[in-house]
Amino acid sequence: MRASRFFIHTAKEAPAEAELVSHRLMLRAGFVRKAAAGIYSWLPCGWRVARKIAEIVREEMDAAGCAEIFMPAVQPAELWRESGRWSVYGAELLRFSDRHGREFCMGPTHEEIVSDILRAAVSGHRQLPVNLYQIQTKFRDEIRPRFGVMRSREFIMKDAYSFDICEKGMRESYETMRRAYCRIFDRVGLKYRMVAADSGAIGGDTSHEFVVLADSGEEEILYDKNGNYAANAEHVPCAANDNGGDGNSRPEPREEMKKIQTPGITTIAALHEFLGGKTPPARSIKTMIARGSNGACALLLAGDRSLNIAKAARQPEIGAGAELASAEEARELIGAGFGSLGPVNMQLPVVADYSLQKSADMVCGANEDGYHYVGVNFGRDCPMPRFADLRAAQSGDAVPGGEGKLSSCRGIEVGHIFQLGDKYSKAMNVCAEMPEGGARPVLMGCYGIGVTRIVAAAIEQAHDERGMIFPDAIAPFAAVVIPIAPKKSGEETRAAAEKTYGELRAAGIDVLLDDRELRPGVMFAEADLLGIPHRIVISPRGLQNNEAEYKHRAADSPENIPAKTAAETITKKIRSNLAAGAGGQISRACQTS
């Protein structure tokens, strides 16, 4: 591709609202242009990156035995009502009606559509297993789209769906896709981890996320340094303090419960200071109100721990769709505001985290603004609560089922795989005749990769003050040839650049020839901003010495290489890098969960 015929539109500054590095750089480099909140046009350079990622995904899906289809973005409401998700998916589901009053939604995912396809096409076990995939636009009406394409409303996703007749087959399909995902991310060239995760609104009992490691990531990953355990922090179980005991092994009470006035005290830190540091946060009860499909419930945690809302949703007192009550709802239910709630005389069901199981003489809100109780003990001053795992795991906690302590890192979720079981097939009557006779619901898996999100994740993982640093496999161009040719006497230089460019193209290298005759500093700066991995500079001075200047995007300084074999040298470097990503063993990130 010649730069003079290509649409390169860069800017020195990004809009002030661009918070993440990837958002700023994608706008500056002309990768995307905002059309509306969370909705972007993809411009040529950015689209080249997204297409390269999509092609790697497509190749690995095909190699894994999946068949590509293309399903509609607009989906009829009746299918979502069949699955039960029309009323529970939430406000992220964009619903609308056509001119005839029929209800539809913009698809955030396609379990309903693909289930409808399978039930019409499959009747017996001999037609299974099947795995169908697509690469298509999705829409989720985020309440606060931000960070550019990292959390946008419209995005491109690869979603695949497997159908099997038995649990063994479902697990085998899941394993096939897990390994395919490892190959995809190895080929893309990113540092990542595969971690155990919560299934969320998609459903199912088993799921794993693929997380690109980046300090700016929203996901917290907890792992042990021996490589035996890794999971999304939301998914990490926290054991009972007494290794699963019944909670009766706590110390005997030594204090009488007293009600004290605490004007203006609404936080654990302020309460700790108000009490002169005598009661540590671990013996202070943090009380929250959560509500879900089964009703409202008071949740108790030690004051130095945070709630995991996904764990709250698993409590039978709360149920699906769990969310914290607002301050107004809490006041309406209890009669007091946040920071003044507690289990004494609580009228709602109460569930306490294991972190309180061995605590005595605690401090809690009195369910009256401006008052707290001290010396509170379960079973004496309030009913013994049911204990459960409610808290968010954190660095320093014990490794679940192992030895040692958990460490923490951050990352960006770019892929998620699920074992769905019969969640959708049972609801939508996707059945097949079984070998032993009789029909029953087939078992499903679903597998998603955020194609456009990987673009931003790659930038977050590798960039510097000059711009992006892309791996060879997904860069907008693998190499750029820049001639430094004076207008009056640069014919020899331009000819040498054309020769190198032609040789690289003939070798199958995706190369850009910057023939715009701009100032060298401008061309260098744009190549760096775009993240092109390999730069070859042809100049009159270099040709006098039969040399070309080569610089890798991540290197601090250039080096000289023979001009006559510049294309051959660069081709070998690129092919070696691509082979390292495409071949060899599956990353260790995929060997642990």
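Let's start with Thr-452, which sits in helix H10, a stretch covering residues 451-461. Keep in mind that this is a predicted model. Thr-452 has a relative accessibility of 3%, so it counts as buried, the cut-off for that being under 20%. Who are its neighbours? Leaving aside residues up to four places away in sequence, Thr-452 touches Trp-42, Val-149, Phe-155 and Ile-156.

Now stay with H10 and look at the helix that meets it. Two packed helices are described by the angle between their axes and the distance between the axes. Here the partner is helix H1, residues 21-28: its axis and that of H10 come within 8 Å and cross at roughly 110 degrees. Because angles of 65 to 115 degrees fall in that class, H1 is roughly perpendicular to H10. On the H1 side, Val-21, Ser-22, Leu-25 and Met-26 make the contact, while H10 brings in Val-455, Ala-456, Ile-459 and Glu-460. Sorted by class, this contact has six nonpolar residues, one polar and one charged.

Next, over to a sheet. Strands of a sheet pair through backbone hydrogen bonds, either parallel or antiparallel. The one to look for is an open sheet of three strands, ordered S13-S19-S18, and its pairing is antiparallel. Strand S13 (258-261) and strand S18 (362-365) are the edge strands, each pairing on one side only. Going from one strand to the next, the twist averages 30 degrees.

Pick out Ile-260, for instance, and you'll find its bridge partner in S19 is His-372.

Conventions
Residues are numbered from 1 along each chain as its sequence is written. This is a predicted model: local features need pLDDT of at least 70, side-chain atom pairs count only at pLDDT 80 or more; totals for chains, interfaces and linings use all residues. Side-chain values use heavy atoms; hydrogens and water are left out. Helices (H or I, at least four residues) and strands (E, at least two) are DSSP runs, numbered from the N terminus. Buried means under 20% relative accessible area, exposed over 50%, partly exposed in between (1.4 Å probe, protein chains only). Contact means heavy atoms within 4.5 Å. Axes are lines fitted to C-alpha atoms, for helices over the stretch in contact, and angles run from 0 to 180 degrees between N-to-C directions. Angles under 35 degrees count as roughly parallel, over 145 as roughly antiparallel, 65 to 115 as roughly perpendicular and the rest as oblique. Ala, Val, Leu, Ile, Met, Phe, Trp, Tyr, Cys and Pro count as nonpolar, Asp, Glu, Lys and Arg as charged, and the others, Gly among them, as polar. Two strands pair if DSSP finds at least two bridges between them.
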